[in-house]
Amino acid sequence: MATGNTRTDVMSLDEFKAWFVAEMDWSPAEISEDDDLVEDLGMDSVGAVDLLAGIEEAVGGDVIMPIELLLQITTVRDAYLQYCALSHLPYESDVPR
Amino acid sequence: MNDAIAGHDEPRLSPSLQTRRLHLRMLTNEDHAPLYRLSSDPDVTFQWRFRGTTPSYDEFLKQLYPGVLCQFVVSPHGSQEVLGLVVAYNADFRHRFCHAAVVMHPSLHRRGLGIEAFMGLARYVYYGWDFRMIIMETVGIAFQNFASGEEAGYFTVEGRIRDQFYYGGRYWDGISVTHRRDQFEKIMQGPVGQLLAPGRRVKVPPPPK
């Protein structure tokens with residue numbers, strides 16, 4: 001996984017699902033991209049912290065998952081899409097003013 | 001000084017009220033109306049101070065400060081939007097503990113932001129007072145939102161009154177949990193510590209119209 005100040009290559013959805021199962025202690029062994037994190041996988045606030053911190057670490061570059069992206073996550077697929085978004089969005093300091 | 005409590009790599013003389021996504025700030029008069037609306041939200045009211053009753057605005061304001069040690073509005077970085085409130089109250093200086101409560105907008109439940117806000121409050125409290133523990137009283141229906149934290153070592157369930165509170169056609173347990181100073185310092189070494197760490201923000205484009 002990425003560390004330091006660089007963001008790494010983006011995982012495919014299948015790679016993300018494998019990562020999810022391996023990294024989230026609360027995840028069942030098999031998941032579908034359509035699984036609802038709360039209703040189907042039983043994620044609570046503590047699980048959400050694990051997911052947030054895990055995605056930020058996977059993206060690397062000490063990036064912060066913004067609240068706007070966080071609120072769009074309901075399913076495993078949503079988590080993957082926001083992981084992808086976080087991997088590609090420019091840092092605020094890099095945006096021309 | 002413990003770095004986890006200082007919230008900084010270097011010892012400093014004031015605790016940070018910034019968390020990774022949030023800032024905790026003083027209440028202003030402009031926050032009273034949004035907090036009044038939040039307190040009466042159907043998804044919040046039965047689990048918060050007024051337990052489903054509908055106090056007048058004046059009564060709400062009278063009850064906002066008594067017993068409070070410190071309380072902060074929870075807002076996103078760069079905004080004054082009211083996402084919630086964190087409160088430390090009923091401090092016992094002889095026995096070195098206080099109580100705490102967190103209320104967040106229902107759309108933010110199970111997103112981890114309530115824990116982030118609480119950890120910001122805990123860092124402030126443990127920095128400023130030599131308390132041994134923070135006590136929280138909760139209701140089973142709300143406890144579900146963070147129950148796995150007991151196994152993860154975030155807190156300890158100290159007591160449970162079976163079927164204490166009635167909501168939604170059934171009785172729920174009343175639950176007392178403690179978050180002790182050593183638990184705070186320990187969990188700050190894991191993912192929770194990241195909640196209070198600074199980082200780099202990305203530019204999020206506005207949603208399409």
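Biologist: At what angle do helix 1 and helix 4 of chain A pack, and how far apart are their axes?

Modeller: Two packed helices are described by the angle between their axes and the distance between those axes. Axes are lines fitted to C-alpha atoms, for helices over the stretch in contact, and angles run from 0 to 180 degrees between N-to-C directions. Helix 1 (residues 13–23) and helix 4 (residues 76–88) of chain A pack at about 110°, with axes 10 Å apart. Helix 1 of chain A is therefore roughly perpendicular to helix 4 of chain A; angles under 35 degrees count as roughly parallel, over 145 as roughly antiparallel, 65 to 115 as roughly perpendicular and the rest as oblique. Please note that this is a predicted model, in which local features need pLDDT of at least 70, side-chain atom pairs count only at pLDDT 80 or more, and totals for chains, interfaces and linings use all residues. Residues are numbered from 1 along each chain as its sequence is written, while chains are lettered from A and ligands numbered from 1 in the order in which they are written.

Biologist: Which residues of helix 1 and helix 4 of chain A meet?

Modeller: Two residues are in contact if their C-beta atoms, placed from the backbone, lie within 7 Å. From helix 1 of chain A come A:L13, A:F16, A:K17 and A:F20, which meet A:V76, A:Y80 and A:Y83 of helix 4 of chain A. This contact has six nonpolar, no polar and one charged residues. In that scheme Ala, Val, Leu, Ile, Met, Phe, Trp, Tyr, Cys and Pro count as nonpolar, Asp, Glu, Lys and Arg as charged, and the others, Gly among them, as polar.

Biologist: How does helix 2 of chain A pack against helix 4 of chain A?

Modeller: Helix 2 (residues 45–59) of chain A and helix 4 of chain A pack at an angle of about 40°, with their axes 10 Å apart, and are therefore oblique to each other. In helix 2 of chain A, A:L51, A:I55, A:A58 and A:V59 meet A:A79, A:Y83, A:L86 and A:S87 in helix 4 of chain A.

Biologist: How many helices and strands does chain A have?

Modeller: Helices (H or I, at least four residues) and strands (E, at least two) are DSSP runs, numbered from the N terminus. Chain A has four helices and zero strands.

Biologist: How many residues of chain B are in contact with chain A?

Modeller: On the chain B side there are 27 residues, in contact with 29 residues of chain A. Helix 7 (191–195) of chain B and helix 4 (113–128) of chain B each supply at least two residues of that side, and helix 7 of chain B gives the largest share, four residues. The side of chain B that touches chain A divides into eleven nonpolar, nine polar and seven charged residues.
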